[in-house]
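Dear colleague,

I am passing on the structure we spoke about. The sequence and coordinates come next, and my notes follow them.

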Amino acid sequence: MRALIFSLVLLLGGTALAQENPIVVMETSKGTITIELFADKAPGTVENFLRYTDNDFYDGLIFHRVIDGFMIQGGGFDTDMVQKSTYDAIKNEARADLPNQRGTLAMARTSVVDSATSQFFINLVDNNYLNHTDETARGFGYAVFGQVIDGMDVVDDIAKVDTGMVRGYADVPNESVIINSISRKE
């Protein structure tokens, strides 16, 4: 469809302004995960994620919360389970038409709707109860802003690691699963 629109624009003598959604490559200690970011549907969230990515913020951080059958969460803690300082929280862009389905990337947050900073999670299953249903604090949901397009086998491998308690946090992998880097795909 996109190629058809591009061809029509060129045929009519115009220029194509359509922008592809950015792709990022996440190198982990378990393998590579490639993710399409939905800049067309969650522009502020994607801009926030890319700000952290472009500043190498995620390099060396871990997946610090792993719950098989639910999700894997990372982007906030180092291998010593020390939380890294972040930029200011962003507006929650959760939408009913961006559900928390298997393989989607969403922003982690506290019970405060607009509290997401750097932490994200990858859904292992369809987590419909995390979806946006209304504008109340309870129904606002978690903002989906991307989709794994390659490497879901790596995500599933991460989900199978043994976990325990570390520094008062539950579901922490016993052996660190490290985010070596996240970078834009050239």
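How many nonpolar, polar and charged residues are in the lining of the largest pocket? The lining has seven nonpolar, seven polar and two charged residues. Please keep in mind that this is a predicted model.

The largest pocket holds about 260 Å³ of space. It is lined by 16 residues, and the closest to its centre are Gln73, Ala108, Arg109, Thr110 and Gln119.

Next, helix α3, which spans residues 152–159. Its buried residues are Met152, Val154, Val155, Ile158 and Ala159. They lie on the same side of α3, because the arc they cover around the axis is only 155°. Their packing partners are the strands β1 (23–28), β2 (31–37), β3 (61–67), β4 (71–74), β6 (120–123) and β7 (144–150).

- Leaving aside neighbours within four places in sequence, Val46 is in contact with Pro22, Leu37, Phe38, Ala39 and Phe145. From Val46 to Asn21 the C-alpha to C-alpha separation is 9.6 Å, and the two are 25 residues apart in sequence.
- Thr53 is buried as well, because its relative accessible area is 3%, under the 20% cut-off. With neighbours within four places in sequence again left aside, Thr53 is in contact with Tyr58, Ile182, Ser183 and Arg184.

Regards

Methods
Residues numbered from 1 in each chain as written. Predicted model: local features only at pLDDT ≥ 70, side-chain atom pairs only at ≥ 80, totals over all residues. Heavy atoms only, no water. Buried < 20%, exposed > 50% of the residue type's maximum accessible area, 1.4 Å probe, protein only. Helix = DSSP H or I, 4+ residues; strand = E, 2+ residues; numbered from the N terminus. Arc of directions from axis to C-beta. Contact = heavy atoms within 4.5 Å. 1 Å grid on protein atoms, 1.4 Å probe; cavity = no way out; pocket = protein on both sides within 12 Å on 5 of 7 lines; lining within 4 Å. Points joined across faces, edges and corners; volume = space filled by probe spheres on them. Nonpolar A, V, L, I, M, F, W, Y, C, P; charged D, E, K, R; others polar.
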